[in-house]
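Subject: Structure handover

Hello,

Here is the structure for you to look through. Please open it first, then read the notes below.

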Amino acid sequence: MKTVFVDVDTQIDFLFPAGALYVPGAERLLPAITHLNHFAASHGIPLISTTDAHSENDPEFQSWPPHCVAGTAGQLKPAATLLENRSTLGTRPGSTMELTAQIVVEKQALDVFTNPNFRALLDRLAADRYVVYGVATDYCVRCAALGLLGAGKRVAVVTDAIAAVKAQDGARALDEITAQGGSLTTVGDVTR
Ligand SMILES: [Zn+2]
């Protein structure tokens, strides 16, 4: 069974208290995210890292404070979460796709499936199981997990490598994901 790891939106604006849209407690995930990403690299497991890459006036900023604007420090991922062999898949239809160890998939909305190239990437990867972690459980992690389940993939969410904007909404998102057939796992289990 081919597995892919999906590191969702672990970007400076979300992870750290000084970030533009800080997810409470997210900075404590950094060792787990770092471990998972490098475990993927050393075990030949493809790694998708989704990232918000907003323009100055994306529609999302009507409901959220501006964050992760392309070209700002807050949009970057912490260096520890980056692999050397990586490429970026932009949002322009037909953007160049390379199957590097880490594929950074840009998006301008909550759901990574809004990147018009994402489904083609899933086809190229042809994996059956996706291990999902990052931020925020109640928004982008939820969208990614439900979208992958909807695409007929197996999904496992790493419960000790996620953080929610609101704890209650995070718990509800996990209920939704498991109700759709997703499973819950831990860093220890997926790196054993
Ligand atoms: Zn955003």
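One definition to start: buried means under 20% relative accessible area, exposed means over 50%, and partly exposed lies in between (1.4 Å probe, protein chains only). At 0% relative accessibility, aspartate 7 counts as buried.

Two notes on the source. This is a predicted model, where local features need pLDDT of at least 70, side-chain atom pairs count only at pLDDT 80 or more, and totals for chains, interfaces and linings use all residues. Residues are numbered from 1 along each chain as its sequence is written, and side-chain values use heavy atoms, with hydrogens and water left out.

Salt bridges

Side chains of opposite charge can pair when their charged atoms come close. Here a salt bridge is a side-chain nitrogen of Lys or Arg within 4 Å of a carboxyl oxygen of Asp or Glu. How many salt bridges does the structure hold? There are six.

Take aspartate 7 again. Its side chain meets that of lysine 77 in a salt bridge (2.7 Å, N to O). Aspartate 7 sits in strand β1 (residues 3-8) and lysine 77 in the loop between β2 (47-52) and β3 (86-89), so the pair ties together parts that are 70 residues apart in sequence. Helices (H or I, at least four residues) and strands (E, at least two) are DSSP runs, numbered from the N terminus. Lysine 77 is buried, at 9% relative accessibility.

Next, lysine 107 and aspartate 9. Their side chains form a salt bridge (2.9 Å, N to O). Lysine 107 is in strand β4 (residues 102-107), and aspartate 9 is in the loop between β1 and α1 (12-15). Lysine 107 is buried, with a relative accessible area of 1%. Aspartate 9 is buried too, at 0%.

Now arginine 192 and aspartate 189. The closest N and O atoms of this salt bridge are 2.3 Å apart. Is arginine 192 buried or exposed? Arginine 192 is exposed, with a relative accessible area of 75%. Aspartate 189 is partly exposed, at 42%.

Some salt bridges share partners. These join Asp9, Asp52 and Lys107 into one network.

Histidine 38

Histidine 38 lies in helix α2 (residues 30-42). Histidine 38 is partly exposed, at 35% relative accessible area. Leaving out residues up to four places away in sequence, histidine 38 touches Ala80, Leu82 and Leu83. Contact means heavy atoms within 4.5 Å.

Best wishes
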